[in-house]
Amino acid sequence: MPPYCLRPDVRAAYLSSELVGVERAGLVLRLPEPITRAVLAGDPRFLVGPLGMWLAQAGLAYHADRRLTGSDLIDRNQVFADALCPGPANPCAPGLARHRFIVLGCGGLGSNAAIALAALGAQEFVVVDGDVIEFSNLNRLIWATSSDVGKSKAFALAAHLAQRYGVSAVPLSTRVSARSSSQILREATAGTLASTWVVTMDESEGARQAVRILHGLPAVAYVHAGYVGARITVGPYAATSEDPCPFCDSAGWRFSSPQFVAPSAAPNNLIAASMVAAQLLRVARLGPTGTFLKAQRWEFDLKSGAAKTSPLTSSGCEVCSP
Amino acid sequence: MSENPNAPGGPTVRLAGPARATTGHVVSIQLTEEQSNALEELIGERVEELNMMVEDLEDLADLMTN
């Protein structure tokens with residue numbers, strides 16, 4: 001066994017398509033390609049002597065006798081989160097504190113919308129999701145770290161909201177299906193705070209059911225966001241039963257771009273989550289007329305990168321015309 | 001997940017380009033006899049001292065990760 005081991009977060013560095021060396025934490029070591037490949041493959045012959053020692057001093061390798069701990073690894077999500085939100089939020093939007101935000105679906109859209117609301121000053125949350133965090137989720141759950149893998153999304157998000165923003169967050173690790181959404185919604189509406197809903201689960205029947213129920217409740221606010229075909233849609237804010245739901249209209253788009261599967265990527269999710277939070281902030285401060293999403297929906301076309309708002313129509317909508 | 005996370009096919013970083021991105025310096029490392037032999041196997045020539053360019057990426061715009 002060589003005295004040094006390459007750290008597991010050392011990555012291959014490419015310039016165009018050429019393998020030019022290795023990288024860790026912003027430090028790039030340029031090497032001839034055969035040596036780079038040998039080093040990345042863990043060839044023990046290159047992890048000894050002055051070269052091994054230099055790699056260790058530069059932070060690319062560690063002594064084999066030393067047990068590597070989690071804190072030795074560069075957690076890019078943690079670095080990003082620390083830079084973005086260095087401490088508990090200072091409530092700056094008091095209107096948000098009068099609302100309890102119930103987030104149905106804690107994936108890339110819902111969790112980031114909740115974090116944006118918490119950072120703006122929201123104080124109470126109920127977060128609902130039946131899934132657990134997988135490694136493949138970490139590219140879009142930018143608040144989660146590798147230590148959260150295997151944990152309930154709802155519980156991990158609630159812990160993050162409580163720890164970083166000092167808010168009250170109640171987790172419900174329940175799959176929001178068409179069957180369960182009715183019960184969840186009715187139980188969660190009990191209480192003194194106004195309940196405002198963020199519907200962002202990826203199970204379309206559950207979303208449809210949730211929106212249908214919310215749409216029928218008087219003076220209940222909700223915003224619905226999700227990927228539909230090649231687009232992300234956000235809208236509407238529905239304070240009154242006159243607002244039609246966009247979901248069924250949106251469903252038609254599923255078949256408009258059958259060859260295109262929209263990637264659930266962090267930048268796309270953050271744009272949509274920002275739109276959700278911005279509209280709910282405006283509503284909290286100005287009332288239902290404060291949002292331009294009343295009777296409109298916002299569409300972000302992932303093919304062209306263009307975003308626009310368009311009026312809602314109730315034609316063919318199962319919510320408005322069941 | 002592969003057993004060796006560094007192995008080819010694993011995580012990579014793509015450099016935006018050599019001109020705008022980085023500041024660097026060259027480090028010369030004396031190779032051991034075994035390393036010189038190994039390098040001779042890999043590249044077909046005898047090298048006893050390895051000159052490596054070491055670069056600090058100045059900001060996130062300098063790289064794209066996947």
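pLDDT is the predictor's confidence in each residue, on a scale from 0 to 100. You'll want it here, since this is a predicted model: local features need pLDDT of at least 70 and side-chain atom pairs count only at pLDDT 80 or more, while totals for chains, interfaces and linings use all residues. Residues are numbered from 1 along each chain as its sequence is written, and chains are lettered from A, with ligands numbered from 1, in the order in which they are written.

Let's start with confidence. Chain A has a mean pLDDT of 76, and 67% of its residues reach 70 or more. Over residues 314-322 of chain A, pLDDT stays under 50, and the model has 19 contacts there beyond four places in sequence (a contact means C-beta atoms, placed from the backbone, within 7 Å). Residues 240-258 of chain A also stay under 50, with 46 such contacts.

Now look at two helices (DSSP runs of H or I, at least four residues). The axes of α4(A), residues 110-120, and α9(A), residues 266-286, come within 8 Å and cross at roughly 45°. On the α4(A) side, the contact is made by A:N112, A:A113, A:A116, A:L117 and A:L120.

Finally, find the strands (DSSP runs of E, at least two residues), which pair if DSSP finds at least two bridges between them.

Note on methods: Axes fitted to C-alpha atoms, helices over the stretch in contact; angles between N-to-C directions. Contact = placed C-beta atoms within 7 Å.
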